[in-house]
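Student: I have a new model to look at. How should I read its core and its pocket?
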Amino acid sequence: MTVESQQRPVSVRAPVVSLSLLTAATVVASMALLAAVLMWQGWQAARTALLHSARETTLAMGRLIDEKVQRLLAPATVTLRYLARDPLVSQPDLVDPSQRLPVMADVLSAIPVLSAVYVGYPNGDFLLMRALRTPAARSTLDAPDGSAFLVQSIDRAGAGADRGAAWRFYDGDLKLLGERALPGYDFDARSRSWYRDALANSGVQLTAPYVFYTTRQTGVTLSARAVENDAVIGLDVDLSDLGGQLDGLKLTPGSELAIVGADGYAYAYTDLARTYRRIGNEIALTKLADLGVPALTALERSGAPLGDATGLDVNGQTWFGVAIPLKSFPGRDLRLLMAAPDSDLLAAIRSGIARQVWWTLGLVALLLFAGWFGGHRLGLSLAKLTAQAERLTRFDFGLPTQGRSPIREIRRLEEVLGEVCVTIENFLTTAQTIGSEPGLDRMLEKVLQQTVAATGCSRGAVYLMEAGGGALHRAAVATGGRAGAVEAAGGFPETLTPAAFGPGHAGIHGPAEGTGQLVLALTSRQQMPIGLLILEHPQDDSHRGDEFRAFAEKLSGALSSSIETRTLIEGQKKLLDSFILLLADAIDAKSPYTGGHCRRVPQLATMIVDRMAQETDGPYRDFRLREEERYAFHLGAWLHDCGKVTSPEHVIDKATKLEAIHNRIHEVRTRFEVLWRDAEIAHLKRVADGAELEASQARMAAERAELFDDFAFVAACNIGGEFMTDEAIARLKAVAGRTWQRHFDDRIGLSLDEERRLAGLPRDPLPVEEKLLADRPEHVAPWFGRRPPVEPGDPDNVFGFDMKLPAHQANLGEIYNLSIRRGTLSDEERFKINEHVVETYVMLKSLPWPAHLARVPEIAATHHERMDGAGYPRRLPGASLSIEERVMALADVFEALTAADRPYKPAKTLSQSLKIMAFMCREGHLDPEVFRYFLTSGLWDTYAEGFLKDEQRDDVDVAALLALLPDAQRAAPAA
């Protein structure tokens, strides 16, 4: 590391944030923070007010209930003190009470809250009068009709019928209606708390609320000792209406109220029936925890100080609660519990806020109306500007149609805002055009027009440099007004010299009078010149500053980038097309037998799909190809035989059965020549041995004639023009059985491949007799470990090929090849020919095609598939073949049938070719619909005009061909 590199400061790249994002984030964050603070403050204020209001209301409720209880107890207390001196309690035991019943009835009638008046005597006697005010009370006691009072008495010391317990029912006039003896009724008032409290303490005593056994009402008992003895008089005060009182005192419909004692019992609740429960024959109060009110239970358990509001979480819902002591029951420690749900409390607050909002809106409307006269003009202009600014926030940059304000500042603001709209709209349109317009010329015209408008110029021009740095040619002109193209181009020459890039911009005409001119160089990313942008603008303040030039340079930078990008894209596309064309020409040039095939098939296929895409009626009325789809088809058609670069030439060009690298018929002919000479040598030997000359010559002539005939037969078999019958194959094998004598070693002068095939085979000593024709072991070339992955069960077959693989890579056996029944190709060679589609698919699938060209391999490698699923290489059913792929199959067959540059077969006429194709449709090879369209559209004739010889263009009966097609929907011939 050098000293300079050590001293170089390390730059830390700071995070980059766009201005629009930062501005938006700041505004949103500020508004969110402001809203959060206001909401928090409002909530805290509302919550504080709510708690305070709830606490004050509950305190008031406690006072109200205390006052209510006091109003209930005060008359009963006075009456109790009066009765403590009544003759009813002056005796130590129960004496005839009938004289005092009117007094007791008056007390019950005068004080409605009293349910019973009773006396307990020191000896256990007991007297009680109960008011039967309701049918339910009378029904519960099974009282006679018209009963107003029940008198219960227990006389322990009496005699006769008066002894024991009895119930007597009286009407309102104290007329006896019925009497009921209660034998075995065991009640002792002396064991009751009200009796013991009165004896133990002076004054009036008050029990805790409890459930009256007889009426099942909640109440209290006031008791006091008689003045003259130990008798105790008691009054039952009914507090059951406290439940209704509590229900009416609710803060909200969902509030819960209850009076609870320190012992945990609920003495009063809005639903009075839930405050008591039956235990055997007894009636007892219900514990608050068993009341089934979670909010009140949670409040009781919270331990909050009396009088302080507290928050509660009850089953996921927020409640507010407060506990208030009740002073009406001294020594009993009773509390009023109130709990209200948060939603109910806030409902009132929301309602109040809503009312405030409406009041505020009303006040604002009133003020607006009052100020409308003075601020109408100003407000209207500002409202229009505000609306326009709001449209900008909604990405609407169109200019509004509105009048101009008479106020100077607002008018200038309108103009500036309009200029901003125009600039933004043009800038966005420019960016959209650069990103979406595929054509360079059209893109330049649009972008230049938008640049001229965005910069406020009068007109402009774009010049592009020729490839290699030549002259500059005018590519686009635009004007900011309505002038036509001729006026826009005035003063901008067609071409400029490269000197226009130099100082002073040599060769560029000056601007018109009263205007300025800005010339900006368009350069590539490598800072290489690619063109010029010339802008003519008014001589005003907005175009004299550096800001205008900086803005124009930024636009020119985007324009340069888009020009370079499209130039590169178009260059790459041209390079790809040229490379594909070069590959197709190379494949055709590789074999003179298929010359022109790779050019003619894509031209015919493209001709068909282009015509289909123009149809508005018929089976292909909905068939359309987008530009990228058509280009994918174009590439697939030109690459349909690219796999033939791997096909051996001697297989592709094989014109005879014995042809390999050369036609091996010449070797066979040499063997016949040997046998010819052997016949002559045998003749000479016979004559020398004394045989008759003429007979020997005749024998030699017969042998030679047979050789001539046999060789002619073998040569005819080699041509492959006729079908090989079983008889012909039998004769071939008979001819092959002839022998000849070889004297030279066949293991020398060989290639490595031949030596590998001969390795391990036995060597016969020379000379050796050999067959005239033979299938020798060395003729068979095994796969040597490289088996093409085309069989369905092959784990390397990842593309779904379904082809039958021959047992050997090649078989050059002479009898084997000469016995080929039809054509010149053996099974191994036919597989090698068909394998070019496999190679095409594998080669194209290995390329990184972009998404819009992803179907190129499918289009290129399916032209040998059949509609019946018997094609290759994947045996695809016709239903899975697209229209383009079916067209490719038809075009490939039609070109192959009509090709006139195949030396191994004569060119077929139009009628012959189309008839063969019609039968191929019947056999499930080609698509009948595509072939029908091909016939009726006349495209076969259009193709014939450009590519077929005159002698091939015979008359074609289209109607007869349509009749051969397999279905009944036969289209009429094209006009």
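Tutor: Nonpolar side chains tend to be buried together in soluble globular proteins. In this predicted model, the largest nonpolar core has 43 residues. Phe894, Leu914, Met917, Phe931, Phe934 and Trp940 have the most contacts inside it. At least two core residues come from each of H13 (597–613), H14 (627–638), H23 (883–898), H24 (910–922), H25 (928–936), H26 (939–947) and H27 (958–963).

Student: Which helix gives the most to this core?

Tutor: H23, with eight residues. Helices are DSSP runs of H or I, at least four residues, and strands are E runs of at least two, numbered from the N terminus.

Student: What does Met917 touch?

Tutor: Leaving out residues up to four places away in sequence, Met917 touches Leu890, Val893, Phe894, Leu897, Leu926 and Phe931. Contact means heavy atoms within 4.5 Å. A second, separate core has 36 residues, among them Leu88, Val119, Tyr121 and Leu222.

Student: What counts as a core?

Tutor: Buried Ala, Val, Leu, Ile, Met, Phe, Trp, Tyr and Cys residues, joined through side-chain atoms within 4.5 Å. Buried is under 20% relative accessible area (1.4 Å probe, protein chains only).

Student: How do the residues lining the second largest pocket divide?

Tutor: Into 15 nonpolar, nine polar and 19 charged.

Tutor: Residues are numbered from 1 along each chain as its sequence is written. Local features need pLDDT of at least 70, side-chain atom pairs 80 or more, while totals for chains, interfaces and linings use all residues, and side-chain values use heavy atoms, without hydrogens and water.

Conventions
Buried < 20%, exposed > 50% of the residue type's maximum accessible area, 1.4 Å probe, protein only. Nonpolar A, V, L, I, M, F, W, Y, C, P; charged D, E, K, R; others polar.
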